Amino acid sequence: MGTEGIIDRYVNFYTDFAFKKLFGTEMNKDLLISFLNALLQGREVVLDINYLNTEHLGTQEYDRRAVFDVYCKNDKGEVFLVEMQKGEQQFFKDRSIYYSTFAIREQAPRGEWNYELKGVYTIGILNFCFDKEREGNYYHEVKLMDTATKEVFYDKLVFIYLEMPKFTKQENELESLFDKWLYVIRNLAALMERPRVLQEKVFAHLFEAAEIAKFSKGERYEYEESLKAYRDWFSVMTTAELRGEERGEERGFKKGEEKGLKEGLEKGRLEERLRNARGLKARGVDTEIIAQVTGLSVDDILGL
(Lines give C-alpha, C1' and ligand atoms only; values in the text may rest on other atoms or scores of the structure.)
Protein backbone atom coordinates (compact mmCIF):
# COMPACT_ATOMS: atom_id res chain seq x y z
CA MET A 1 0.00 0.00 0.00
CA GLY A 2 2.63 2.51 1.04
CA THR A 3 4.86 4.53 -1.15
CA GLU A 4 7.56 5.94 1.08
CA GLY A 5 7.79 5.81 4.86
CA ILE A 6 6.21 8.93 6.33
CA ILE A 7 8.11 10.25 9.31
CA ASP A 8 6.55 13.73 9.41
CA ARG A 9 4.02 14.42 12.11
CA TYR A 10 1.91 16.78 10.04
CA VAL A 11 0.87 16.79 6.39
CA ASN A 12 2.59 18.73 3.66
CA PHE A 13 0.20 21.60 2.84
CA TYR A 14 1.36 21.62 -0.79
CA THR A 15 -0.07 18.17 -1.52
CA ASP A 16 -3.47 17.96 -3.16
CA PHE A 17 -4.81 15.76 -0.38
CA ALA A 18 -3.76 18.06 2.45
CA PHE A 19 -4.91 21.25 0.74
CA LYS A 20 -8.37 19.88 -0.01
CA LYS A 21 -8.73 18.21 3.41
CA LEU A 22 -7.79 21.34 5.37
CA PHE A 23 -9.40 23.98 3.16
CA GLY A 24 -12.00 22.09 1.15
CA THR A 25 -14.11 20.05 3.60
CA GLU A 26 -17.17 21.01 5.58
CA MET A 27 -15.70 19.82 8.89
CA ASN A 28 -12.70 22.13 8.45
CA LYS A 29 -14.35 25.14 6.84
CA ASP A 30 -13.50 27.32 9.85
CA LEU A 31 -9.86 27.01 8.71
CA LEU A 32 -10.65 28.43 5.27
CA ILE A 33 -12.83 31.18 6.77
CA SER A 34 -9.98 32.24 9.06
CA PHE A 35 -7.49 32.21 6.18
CA LEU A 36 -9.77 34.29 3.93
CA ASN A 37 -10.42 36.87 6.66
CA ALA A 38 -6.69 37.11 7.38
CA LEU A 39 -6.02 37.52 3.66
CA LEU A 40 -8.65 40.23 3.19
CA GLN A 41 -7.49 42.06 6.35
CA GLY A 42 -10.87 43.55 7.26
CA ARG A 43 -11.90 44.81 3.82
CA GLU A 44 -14.41 41.97 3.71
CA VAL A 45 -15.57 39.81 6.61
CA VAL A 46 -16.46 36.23 5.78
CA LEU A 47 -18.89 34.84 8.35
CA ASP A 48 -19.77 31.60 6.64
CA ILE A 49 -19.16 29.74 3.38
CA ASN A 50 -20.91 27.12 1.30
CA TYR A 51 -18.81 24.79 -0.80
CA LEU A 52 -19.81 24.60 -4.45
CA ASN A 53 -19.26 21.82 -6.95
CA THR A 54 -15.57 21.93 -7.82
CA GLU A 55 -16.06 20.27 -11.20
CA HIS A 56 -17.75 22.29 -13.92
CA LEU A 57 -18.63 21.65 -17.52
CA GLY A 58 -19.07 24.41 -20.05
CA THR A 59 -22.40 25.26 -21.64
CA GLN A 60 -21.45 23.37 -24.79
CA GLU A 61 -19.94 19.90 -25.20
CA TYR A 62 -16.79 21.35 -26.70
CA ASP A 63 -16.25 23.81 -23.86
CA ARG A 64 -13.19 23.10 -21.74
CA ARG A 65 -13.71 21.42 -18.40
CA ALA A 66 -12.57 23.32 -15.31
CA VAL A 67 -11.68 21.78 -11.97
CA PHE A 68 -11.03 24.03 -8.98
CA ASP A 69 -9.21 23.05 -5.79
CA VAL A 70 -11.65 24.96 -3.57
CA TYR A 71 -14.75 26.73 -4.87
CA CYS A 72 -17.06 28.37 -2.36
CA LYS A 73 -19.49 31.21 -1.75
CA ASN A 74 -19.76 33.36 1.37
CA ASP A 75 -22.88 34.60 3.14
CA LYS A 76 -22.98 37.70 0.85
CA GLY A 77 -22.97 35.61 -2.31
CA GLU A 78 -19.36 36.48 -3.16
CA VAL A 79 -17.42 33.67 -4.79
CA PHE A 80 -13.93 32.48 -3.83
CA LEU A 81 -11.77 30.25 -6.02
CA VAL A 82 -8.76 29.09 -4.01
CA GLU A 83 -6.04 27.12 -5.72
CA MET A 84 -2.69 25.66 -4.73
CA GLN A 85 -0.30 25.97 -7.67
CA LYS A 86 2.81 23.82 -7.21
CA GLY A 87 4.73 24.67 -10.38
CA GLU A 88 5.03 27.44 -12.89
CA GLN A 89 3.04 27.09 -16.11
CA GLN A 90 3.58 28.90 -19.37
CA PHE A 91 0.06 30.38 -19.40
CA PHE A 92 -0.52 30.48 -15.65
CA LYS A 93 -2.14 33.96 -15.73
CA ASP A 94 -4.37 33.02 -18.65
CA ARG A 95 -5.53 29.93 -16.80
CA SER A 96 -6.34 31.99 -13.73
CA ILE A 97 -8.44 34.44 -15.78
CA TYR A 98 -10.19 31.59 -17.56
CA TYR A 99 -11.22 29.95 -14.30
CA SER A 100 -12.70 33.19 -13.00
CA THR A 101 -15.13 33.34 -15.93
CA PHE A 102 -17.02 30.30 -14.63
CA ALA A 103 -17.82 32.07 -11.37
CA ILE A 104 -19.03 35.11 -13.34
CA ARG A 105 -21.20 33.27 -15.87
CA GLU A 106 -22.87 31.14 -13.22
CA GLN A 107 -24.34 34.25 -11.61
CA ALA A 108 -26.68 34.86 -14.54
CA PRO A 109 -30.21 33.76 -13.52
CA ARG A 110 -32.90 32.57 -15.89
CA GLY A 111 -35.28 35.27 -17.04
CA GLU A 112 -34.80 39.00 -16.70
CA TRP A 113 -31.61 40.25 -15.09
CA ASN A 114 -30.02 43.67 -14.61
CA TYR A 115 -26.43 42.28 -14.83
CA GLU A 116 -25.53 43.05 -11.22
CA LEU A 117 -22.69 40.74 -10.15
CA LYS A 118 -21.36 39.60 -6.80
CA GLY A 119 -17.64 39.81 -6.14
CA VAL A 120 -15.34 37.09 -7.47
CA TYR A 121 -12.01 36.42 -5.76
CA THR A 122 -9.44 34.17 -7.40
CA ILE A 123 -6.70 33.27 -4.92
CA GLY A 124 -3.53 31.48 -5.95
CA ILE A 125 -1.16 30.05 -3.35
CA LEU A 126 1.96 29.59 -5.45
CA ASN A 127 4.91 27.35 -4.67
CA PHE A 128 6.99 29.24 -7.24
CA CYS A 129 7.90 32.83 -8.14
CA PHE A 130 6.58 34.57 -11.22
CA ASP A 131 7.91 38.02 -10.31
CA LYS A 132 11.63 37.43 -9.95
CA GLU A 133 12.63 41.10 -10.06
CA ARG A 134 11.12 42.05 -6.67
CA GLU A 135 12.42 39.58 -4.09
CA GLY A 136 10.45 40.65 -1.02
CA ASN A 137 7.11 41.24 -2.73
CA TYR A 138 5.22 37.98 -2.13
CA TYR A 139 1.68 39.46 -2.11
CA HIS A 140 0.05 40.54 -5.37
CA GLU A 141 -3.48 41.93 -5.64
CA VAL A 142 -4.76 42.55 -9.15
CA LYS A 143 -7.90 44.44 -10.24
CA LEU A 144 -9.13 46.07 -13.43
CA MET A 145 -7.56 49.53 -13.64
CA ASP A 146 -7.99 52.67 -15.74
CA THR A 147 -4.53 53.00 -17.27
CA ALA A 148 -4.87 56.78 -17.61
CA THR A 149 -5.89 57.61 -14.05
CA LYS A 150 -4.27 54.55 -12.39
CA GLU A 151 -7.51 54.12 -10.42
CA VAL A 152 -9.44 50.89 -9.93
CA PHE A 153 -12.10 50.64 -12.63
CA TYR A 154 -13.92 47.59 -11.24
CA ASP A 155 -13.40 46.20 -7.74
CA LYS A 156 -15.60 43.10 -7.85
CA LEU A 157 -13.09 41.00 -9.79
CA VAL A 158 -10.01 40.42 -7.66
CA PHE A 159 -6.98 38.21 -8.25
CA ILE A 160 -4.66 37.59 -5.30
CA TYR A 161 -1.41 35.69 -5.75
CA LEU A 162 0.89 34.61 -2.91
CA GLU A 163 4.46 33.73 -3.92
CA MET A 164 5.24 31.40 -1.04
CA PRO A 165 9.01 30.96 -1.67
CA LYS A 166 9.41 34.69 -1.00
CA PHE A 167 7.77 34.47 2.43
CA THR A 168 10.79 33.94 4.68
CA LYS A 169 9.61 35.23 8.07
CA GLN A 170 10.63 33.13 11.05
CA GLU A 171 8.50 32.29 14.06
CA ASN A 172 9.71 35.30 16.09
CA GLU A 173 8.86 37.66 13.20
CA LEU A 174 5.19 36.73 12.86
CA GLU A 175 2.92 39.66 13.66
CA SER A 176 -0.47 39.42 11.97
CA LEU A 177 -2.83 36.48 11.59
CA PHE A 178 -1.98 36.58 7.88
CA ASP A 179 1.72 36.13 8.67
CA LYS A 180 0.87 33.13 10.80
CA TRP A 181 -1.20 31.50 8.09
CA LEU A 182 1.55 31.87 5.51
CA TYR A 183 4.08 30.49 7.97
CA VAL A 184 1.91 27.43 8.62
CA ILE A 185 1.25 26.79 4.94
CA ARG A 186 4.95 26.91 4.12
CA ASN A 187 6.34 25.07 7.18
CA LEU A 188 3.64 22.68 8.39
CA ALA A 189 5.37 19.47 7.25
CA ALA A 190 8.63 20.47 8.98
CA LEU A 191 7.04 21.09 12.38
CA MET A 192 6.88 18.51 15.16
CA GLU A 193 4.58 20.52 17.43
CA ARG A 194 2.47 23.66 17.31
CA PRO A 195 4.67 26.76 17.79
CA ARG A 196 3.84 28.90 20.80
CA VAL A 197 3.15 31.93 18.64
CA LEU A 198 0.22 30.08 17.00
CA GLN A 199 -2.07 30.20 20.02
CA GLU A 200 -5.28 31.10 18.20
CA LYS A 201 -8.04 28.49 18.50
CA VAL A 202 -8.14 28.00 14.76
CA PHE A 203 -4.56 26.71 14.76
CA ALA A 204 -5.37 24.18 17.48
CA HIS A 205 -7.98 22.81 15.08
CA LEU A 206 -5.55 22.97 12.15
CA PHE A 207 -2.79 20.98 13.86
CA GLU A 208 -5.29 18.38 15.04
CA ALA A 209 -6.75 17.96 11.54
CA ALA A 210 -3.26 17.84 9.98
CA GLU A 211 -1.80 15.15 12.24
CA ILE A 212 -1.05 12.10 10.11
CA ALA A 213 -1.29 9.62 12.98
CA LYS A 214 -4.99 10.46 13.37
CA PHE A 215 -5.85 9.61 9.78
CA SER A 216 -7.93 6.58 8.92
CA LYS A 217 -6.31 3.82 6.89
CA GLY A 218 -7.95 5.16 3.73
CA GLU A 219 -6.89 8.75 4.43
CA ARG A 220 -3.33 7.69 5.08
CA TYR A 221 -3.22 5.81 1.79
CA GLU A 222 -4.61 8.83 -0.09
CA TYR A 223 -2.08 11.10 1.57
CA GLU A 224 0.84 8.78 0.80
CA GLU A 225 -0.14 8.72 -2.87
CA SER A 226 -0.56 12.49 -2.92
CA LEU A 227 2.78 12.95 -1.18
CA LYS A 228 4.49 10.62 -3.64
CA ALA A 229 3.04 12.60 -6.56
CA TYR A 230 4.29 15.83 -4.99
CA ARG A 231 7.77 14.40 -4.37
CA ASP A 232 7.95 13.03 -7.93
CA TRP A 233 6.93 16.42 -9.29
CA PHE A 234 9.46 18.18 -7.06
CA SER A 235 12.22 15.80 -8.19
CA VAL A 236 11.40 16.37 -11.87
CA MET A 237 11.36 20.14 -11.43
CA THR A 238 14.64 20.14 -9.47
CA THR A 239 16.33 17.93 -12.07
CA ALA A 240 15.09 20.15 -14.89
CA GLU A 241 16.43 23.25 -13.15
CA LEU A 242 19.83 21.63 -12.53
CA ARG A 243 20.08 20.45 -16.12
CA GLY A 244 19.11 23.91 -17.29
CA GLU A 245 21.89 25.39 -15.18
CA GLU A 246 24.37 22.81 -16.48
CA ARG A 247 23.39 23.52 -20.07
CA GLY A 248 23.75 27.21 -19.36
CA GLU A 249 27.22 26.65 -17.92
CA GLU A 250 28.19 24.51 -20.92
CA ARG A 251 26.95 27.15 -23.34
CA GLY A 252 28.80 29.80 -21.35
CA PHE A 253 32.01 27.74 -21.35
CA LYS A 254 31.72 27.03 -25.07
CA LYS A 255 31.01 30.65 -25.77
CA GLY A 256 34.00 31.60 -23.63
CA GLU A 257 36.20 29.18 -25.53
CA GLU A 258 35.02 30.56 -28.85
CA LYS A 259 35.52 34.12 -27.65
CA GLY A 260 39.00 33.28 -26.34
CA LEU A 261 39.95 31.61 -29.61
CA LYS A 262 38.69 34.56 -31.60
CA GLU A 263 40.55 37.02 -29.39
CA GLY A 264 43.74 34.89 -29.64
CA LEU A 265 43.56 34.82 -33.42
CA GLU A 266 43.03 38.56 -33.61
CA LYS A 267 45.94 39.15 -31.23
CA GLY A 268 48.18 36.86 -33.35
CA ARG A 269 47.24 38.69 -36.54
CA LEU A 270 48.00 42.06 -34.95
CA GLU A 271 51.40 40.87 -33.74
CA GLU A 272 52.17 39.58 -37.24
CA ARG A 273 51.24 42.92 -38.82
CA LEU A 274 53.40 44.74 -36.30
CA ARG A 275 56.40 42.49 -37.09
CA ASN A 276 55.93 43.07 -40.81
CA ALA A 277 55.62 46.81 -40.25
CA ARG A 278 58.86 46.89 -38.22
CA GLY A 279 60.69 44.98 -40.95
CA LEU A 280 59.47 47.26 -43.72
CA LYS A 281 60.22 50.36 -41.67
CA ALA A 282 63.78 49.09 -41.02
CA ARG A 283 64.26 48.80 -44.79
CA GLY A 284 63.22 52.43 -45.22
CA VAL A 285 59.86 51.76 -46.89
CA ASP A 286 57.57 54.79 -46.94
CA THR A 287 55.13 54.96 -43.99
CA GLU A 288 52.08 55.37 -46.24
CA ILE A 289 52.98 52.21 -48.17
CA ILE A 290 53.52 50.24 -44.92
CA ALA A 291 50.08 51.37 -43.75
CA GLN A 292 48.47 50.15 -46.97
CA VAL A 293 50.27 46.78 -46.82
CA THR A 294 49.72 45.99 -43.12
CA GLY A 295 46.41 47.71 -42.47
CA LEU A 296 47.92 49.62 -39.53
CA SER A 297 47.41 53.33 -39.04
CA VAL A 298 50.21 55.80 -39.80
CA ASP A 299 50.34 56.76 -36.13
CA ASP A 300 50.80 53.10 -35.11
CA ILE A 301 53.69 52.74 -37.57
CA LEU A 302 55.35 55.99 -36.44
CA GLY A 303 55.15 54.72 -32.87
CA LEU A 304 57.13 51.57 -33.64
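**Exercise 1.** In which loop is the place of Lys-150?

*Solution.* The model is predicted: local features need pLDDT of at least 70, side-chain atom pairs count only at pLDDT 80 or more, and totals for chains, interfaces and linings use all residues. Residues are numbered from 1 along each chain as its sequence is written, and side-chain values use heavy atoms, without hydrogens and water. Lys-150 lies in the loop between strand 7 (139-146) and strand 8 (151-163); strands (E, at least two residues) and helices (H or I, at least four) are DSSP runs numbered from the N terminus. Its phi is positive, about 65°, although Lys-150 is not a glycine. With 58% relative accessibility, Lys-150 counts as exposed (over 50% relative accessible area; buried is under 20%, partly exposed in between; 1.4 Å probe, protein chains only).

**Exercise 2.** Determine how helix 2 and helix 4 pack.

*Solution.* Step one: the angle is about 125°, with the axes 8 Å apart (axes are lines fitted to C-alpha atoms over the stretch in contact; angles run from 0 to 180 degrees between N-to-C directions). Step two: helix 2 is therefore oblique to helix 4, since angles under 35 degrees count as roughly parallel, over 145 as roughly antiparallel, 65 to 115 as roughly perpendicular and the rest as oblique. Step three: Leu-31, Ser-34, Phe-35, Ala-38 and Leu-39 in helix 2 meet Leu-177, Phe-178, Trp-181 and Ile-185 in helix 4 (contact: heavy atoms within 4.5 Å).

**Exercise 3.** Identify the buried residues of helix 5 (residues 201-209).

*Solution.* They are Val-202, Phe-203, Leu-206, Phe-207 and Ala-209. These residues pack against helix 1 (16-23), helix 2 (29-40) and helix 4 (177-187).
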